[in-house]
Each structure stands twice: as structure tokens, then as C-alpha cells.
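Dear colleague,

Please find the structure below, handed over for your records. My notes on it follow directly after.

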Amino acid sequence: MKALAATGDRTLVRFADTPEPTAAADAVIIRVEAYSVNRGEILAMTGAYGTPTAPGTVMGQDVVGRVITAAADGSGPAVGTRVVGHAEGGGWAERVAVPTAALAELPDTVTATTAAALPLAGLTALRLLRHVEAPAGKQALITGASGGVGHYLVELATAAGISVTVLAASPERGARLAELGAAAVVHDVADADGPFDVIFESVGGDVLAAALARIAPGGTVLWFGQASLQPIRLSFFEYLTVSPFTLRHFPHWVADTTDAEDLRVLVDLTATGRLHPELGRVADWAETASVLTDLNNRRIRGNAVLTIDA
Ligand SMILES: NC(=O)c1ccc[n+]([C@@H]2O[C@H](COP(=O)([O-])OP(=O)(O)OC[C@H]3O[C@@H](n4cnc5c(N)ncnc54)[C@H](OP(=O)(O)O)[C@@H]3O)[C@@H](O)[C@H]2O)c1
């Protein structure tokens with residue numbers, strides 16, 4: 001079957017002939033209709049996490065499709081059911097295995113392209129917000145807000161009663177975030193008012209240090225990424241007046257809930273019009289490499305979704 005595998009160079013991925021997926025007893029096999037791509041996959045392929053992904057590795061995880069083989073242990077949905085989930089062993093392929101603990105069924109009202117934007121970005125936003133105690137009335141700053149995670153975070157945080165200030169590169173990128181509920185849009189942290197009870201930080205470089213100058217005493221930073229690739233540098237002495245604050249490292253995969261449980265929450269919010277996946281780009285999967293390049297170069301707002309014709 002056809003799949004997209006890492007090339008190990010700046011072309012990122014190319015089509016390869018790969019074996020059909022095999023599923024563990026607690027996994028289904030689906031025919032993939034759409035998948036999304038995430039910055040994390042680019043970081044893995046380009047070696048930002050350490051060793052770059054080995055050439056030939058099938059990439060990807062966020063998938064939507066129809067079950068063609070049910071789980072042998074009876075734990076998952078029947079053949080023919082539409083699902084969204086986190087694939088095992090690479091998701092940018094015609095057919096993939098998805099553990100039943102990492103999928104949710106889709107109602108007919110949620111399209112494949114919309115649902116494909118949900119898994120990684122949506123789970124990250126949902127789980128980040130669970131670290132905010134008593135959110136109603138809090139002031140928050142979201143950096144990197146115009147990306148996949150950021151759009152979800154803005155809408156979910158606003159719905160929870162948080163007053164959100166967003167950092168985005170341009171007014172055009174901020175406009176949709178304002179529609180989703182952001183109270184203020186800034187293009188430089190220096191222009192953000194604060195003080196902020198919570199800072200959601202994913203850009204790195206000088207951004208965190210600048211944001212911390214606006215944190216409320218006792219505030220919390222949820223530190224979940226480094227899109228700029230630049231490490232942060234902090235001076236203890238500069239933050240004595242807002243001390244003590246909490247700097248919390250956030251990996252989305254450390255959670256008390258399963259992906260299946262949280263995907264059900266995201267699908268339900270979407271189906272009932274309370275969450276609006278922001279599809280900044282939808283293209284045929286043959287264009288995956290150029291879409292990844294655009295995502296890497298900040299040319300895509302929200303999520304990027306690729307589709308596979310049956
Ligand atoms: N900890 C976890 O479990 C977890 C899970 C998912 C994602 N992440 C991380 O969270 C971050 C956001 O993920 P995402 O999928 O939303 O990524 P994304 O769609 O690429 O969004 C990242 C945003 O960061 C902004 N940005 C500012 N400076 C940048 C720079 N120098 N280079 C690139 N982007 C820059 C861009 O917005 P502007 O151009 O408008 O500034 C961009 O929209 C990424 O760093 C990702 O690796 C972490």
C-alpha cells in the first residue's frame with residue numbers, strides 16, 4: 001500500500017510502498033480518509049528532539065477513516081464505523097492500525113477533514129486547560145496562538161470564562177482569534193497588558209522571559225513548546241517582584257484520561273457547535289511535503305489537513 005515515509009533530508013517525506021498494517025488484539029484497522037500534520041512531526045523529522053526520524057519511517061498520527069477490520073478483542077467499533085484517532089505505526093498511509101483506547105466514533109455531521117484536525121492539537125489544548133484551577137475570571141496570555149493548538153486553546157479558554165490575550169504575528173492572524181473570543185490581540189509581548197494569572201507558552205527564545213515580566217504574583221506558566229527552536233534564558237533576579245510563580249512543563253501524553261475519552265469530548269464539542277476546528281489548509285495528500293514546508297515556515301494558520309481519495 002502507499003504511505004508517506006520520512007526522507008531524512010529537507011524534502012521531509014515521499015511516497016513509499018509499505019506492508020499492510022497489522023493490528024494488536026485491541027486495535028482496529030481503518031481506511032484513512034484524512035489526516036492532519038503537526039509541527040511536532042516536523043520537529044521529529046528535522047532532529048529538534050535529538051536524532052532525526054530514520055529515513056523510511058512512516059510518519060503521522062492524527063487520522064480519520066472507516067473501520068475495515070474490527071478489534072479482535074471486541075473492544076472497539078464495528079466494521080464500517082467512522083472514527084477519528086491516533087494511529088499506531090504511522091498515520092500518513094492508505095490503511096492504518098488504531099488502538100481502541102485512542103479513537104472516538106464520529107457522527108455523520110462531523111466531516112472527515114474537520115475531525116482530522118482534532119487529535120493532537122485538540123487533546124493538547126483540552127489537557128492544558130485542565131491545569132488551570134478555577135478558570136472563570138482569570139487573565140491569560142497565549143503565545144503562538146495562531147497555530148493548531150492555539151485556536152483550540154483560545155476558544156476553550158474563553159468558554160471557561162478566562163479573559164484571553166493572544167500573541168500572533170499579524171492582525172490578519174489575530175482576527176479569527178478575536179472571533180473565537182480573544183479579548184486582546186498583540187504582535188509583541190511588550191504590548192500585552194497583564195498581569196496574567198496564566199501564561200500558555202510555546203514559542204521559546206525571548207518570548208517567555210518577556211511574558212514573565214507580565215505574570216501576576218502566584219501565577220502559572222504552562223510551558224508546552226518551543227516553535228522558534230530557540231531555548232529560553234531566564235534570570236532569577238528579574239522576577240523577584242512576581243515571585244513565587246510556577247513554571248510547569250507540559251507533555252500532553254501525561255494525562256489521567258485516555259485519548260479515546262478526550263477525543264469523545266472534542267468530537268462532542270465540535271458536533272454541538274462549541275468547538276470550531278480552524279482548517280487553515282486542506283489539500284490532497286500528494287501535497288503533504290509542501291504543506292509541511294509551509295507549516296514549518298509559519299505560512300499556515302490553524303490546522304493543516306490532507307485528504308486521501310477512496
Ligand atoms: N507539549 C506537548 O505535548 C505539545 C503538544 C502539541 C504541540 N506542542 C508544541 O506546541 C507548539 C504549538 O503547536 P502547533 O501544532 O499549534 O504548532 P503551529 O500550528 O505550527 O503553531 C505554532 C505557532 O507559533 C508561532 N510562532 C511564533 N514564533 C515562531 C517561530 N519562530 N517559528 C515558528 N512558529 C512561531 C506561529 O504563529 P505566528 O506566525 O502568528 O507567530 C505559529 O502559528 C509547537 O511548538 C509544538 O511543538 C507541544
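Across the interface of domain 1 and domain 2, the rule finds one salt bridge, that is, a side-chain nitrogen of Lys or Arg within 4 Å of a carboxyl oxygen of Asp or Glu. The side chains of E278 and R176 meet in a salt bridge with an N to O distance of 2.8 Å.

Please note that this is a predicted model, in which local features need pLDDT of at least 70 and side-chain atom pairs count only at pLDDT 80 or more, while totals for chains, interfaces and linings use all residues. Residues are numbered from 1 along each chain as its sequence is written, and side-chain values use heavy atoms, with hydrogens and water left out.

The domain assignment gives domain 1 as 2-121 + 256-307 and domain 2 as 132-249; such bounds come from an automatic or database domain assignment. The C-alpha centres of the two domains lie 28 Å apart. In contact (heavy atoms within 4.5 Å) are 18 residues of domain 1 and 15 residues of domain 2. The area buried between the domains is about 1300 Å², with carbon and sulfur atoms giving 58% of it; this is the accessible area (1.4 Å probe) that two parts lose on being put together, summed over both. Eight residue pairs, both members at pLDDT 80 or more, are in polar contact between domain 1 and domain 2. A polar contact is a pair of N or O atoms within 3.5 Å; within protein, one must be able to donate a hydrogen and the other to accept it, and residues adjacent in sequence count only if both atoms are side-chain atoms.

I also looked at H86, which is placed in strand β5 (residues 82-86). Strands (E, at least two residues) and helices (H or I, at least four) are DSSP runs, numbered from the N terminus. H86 counts as buried because its relative accessibility is 8%, where buried means under 20% relative accessible area, exposed over 50%, and partly exposed in between (1.4 Å probe, protein chains only). The side chain of H86 makes a polar contact of 2.9 Å with that of D62 and one of 3.0 Å with that of D259.

Finally, helix α8 (residues 288-296) has T288, V291, L292, D294 and L295 as its buried residues. They lie on the same side of α8, because they cover an arc of only 160° around the axis, taken from the directions from the helix axis to the C-beta atoms. Among the elements that these buried residues pack against are β1 (2-6), α1 (39-46) and β15 (303-307). R298, which follows α8, has a positive phi, near 60°.
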